[in-house]
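Please look over the chain as a whole before turning to its parts. The paragraphs below then lead through it step by step.

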Amino acid sequence: MSSRNRGPTSTIVIKLGTSSIVHETTHQPLLSTLSRVVETVVRLKSQGHKVVLVSSGAIGVGLKRMEIPSRPKSLSGKQALAAIGQGRLIALWDNLFGQLGQPIAQVLLTRGDISDRTRYLNAVNTFKELLSMGVVPIVNENDTISVSEIKFGDNDTLSAITSSMVHADYLFLLTDVDGLYLSNPRKDPDAKFLEVVSSVAEARSEVSTATLGSNLGTGGMETKLIAAEIATEAGVNTIIASSKDPENVQSIIEYHAAVSIPGVDPSTIPRPKHTLFKPSLNPMRDMKSWTSHTLFPAGTVVIDTGAHVVLSRKESGGRLLPVGVIGIKGSFASHQAVRICVRAKIDSPGVVGTAQAEEDPEAAVREYARGIPTSVLASAPATPTIGSRTTSSSDLTTLTMGGGAYQSLYPSNLNLPSVIEEDQVVVLGDSDPIDSWQLVEVGRGLANYNSEQIDKVKRMNSSSLSKVLGYADSDYVVENITIRIPP
């Protein structure tokens, strides 16, 4: 493709799996493939792009060094091989990039490293500084010290989180197939190929993900769908392409730059083979992405239908009022990540019955709205006016107060008091204990109060927080909530 179609410069994350770095049986480094990857990265940088490489392969290289035929099953064995192989792997990359005068940096991460907000921001700033210096960061999970609780699980997930951290424009998942198929193309010669995926959830329901990774790797197509979901939610164009032709990375970027030009007919431009996962039109901001994908939840906050409906709307700001909480599971401190769950009734042992979401949503939202902070209502007129602009849901409209829009998307026939009595408490409609329900995770957020405090104020109005707890740092018990499963 001609240079005039290169388009604007981008930040690009390229992920290579173990099977693309070392031979599956001999464990010899695939120098031909690696050299072509290096040449592609250097060529992209010469055009002004910033590139981050996520590289697996430490254990594979360790296997070759120790002449061990297969991956050990024990955690300590894998960690030992990772420690042996990581130094040799980064030395290999440094040698290859050094032939072309390109400096690199090693970045080893675990989920624990970025679960703390300060350490996460430090990692983000380090990436930013390295890229501004013209360095190619080479990222891998720090397998030597990782345990299950702090592992990303696979480098597909790590690459997606990395793409969110560096605000990438593209994430390339280079693998041993050239894109996403509805079935395994190795077994089904008529497998349908998907060029563009607009919804990862819909694709997951159609695609057979029973494609295991190689004997050396940990991933498969399912892990790539998970990575695509994380990255697209952060606004990143995610692409699955073949690692056998790394030069296609540049061709794919140039293709999408060309077809984005107004008036250009895409059918007139050759399309390199790949699957594109389109980014979200409303990507998560940094804090929500961090909360949703990098933190290990310390406990669970169970919410009612009204809270679930409201939180699923963008206008809620991802903030949960105490009135919407119906229970707590586990112990957690303030500022820790928590699961946001709804309930599904267990009619008999092992049988899940009526889901909470089947309750009347308008009535549930009306009940939840009674906990709106007094700080919002204090300046409002006695009778809120309902704006004429409606949302996509016919029974929910925008509530306008005091000349400004309090976009809570509450029912249009909701009559809110201008001031809620300080000691007024909303009572839970049913008395069933939490243990008689099955919990379904619908999202995650950051707790403003600890588990004991939230349990004390559940079902109460926000104005009761200071009276019950002795202080009130926020009207909301959980913030930065991302609802992944809408009602």
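Predicted model: local features only at pLDDT ≥ 70, side-chain atom pairs only at ≥ 80, totals over all residues.

Residues are numbered from 1 along each chain as its sequence is written, and side-chain values use heavy atoms, with hydrogens and water left out.

The secondary structure of the protein chain comes to 15 helices and 19 strands, taken as DSSP runs numbered from the N terminus (H or I over at least four residues for helices, E over at least two for strands). Of its 487 residues, 51% count as buried, where buried means under 20% relative accessible area, exposed over 50% and partly exposed in between, with a 1.4 Å probe and protein chains only. Among contacts (heavy atoms within 4.5 Å) between residues at least 6 apart in sequence, 76% join residues at least 24 apart.

Helix 9, residues 248–259, is mostly covered, since 9 of its 12 residues are buried. These buried residues include Val 249, Ile 252, Ile 253 and His 256, and the buried residues of the helix pack against strand 1 (11–16), helix 1 (31–46), strand 5 (170–175), strand 9 (237–242) and strand 10 (275–277).

The largest pocket holds about 1,000 Å³ of space. A pocket here is an open set of points on a 1 Å grid over the protein atoms alone where a 1.4 Å probe fits, with protein on both sides within 12 Å along at least five of seven lines, and lining residues have an atom within 4 Å of a point; the volume is the space filled by probe spheres set on the points. Its lining has 27 residues, of which Glu 233, Ser 280, Asn 282, Met 284 and Ile 483 lie nearest the centre. Helix 7 (200–206), helix 8 (221–233) and strand 19 (478–483) each supply at least two lining residues.

Most residues other than glycine have a negative phi. His 27, in the loop between strand 1 and helix 1, has a positive phi of about 65 degrees, and His 167, in the loop between helix 6 (155–165) and strand 5, has a positive phi near 55 degrees. His 27 counts as buried because its relative accessibility is 3%, whereas His 167 is exposed, with a relative accessible area of 55%.

Note on methods: Expected span 1.5 Å × (residues − 1).
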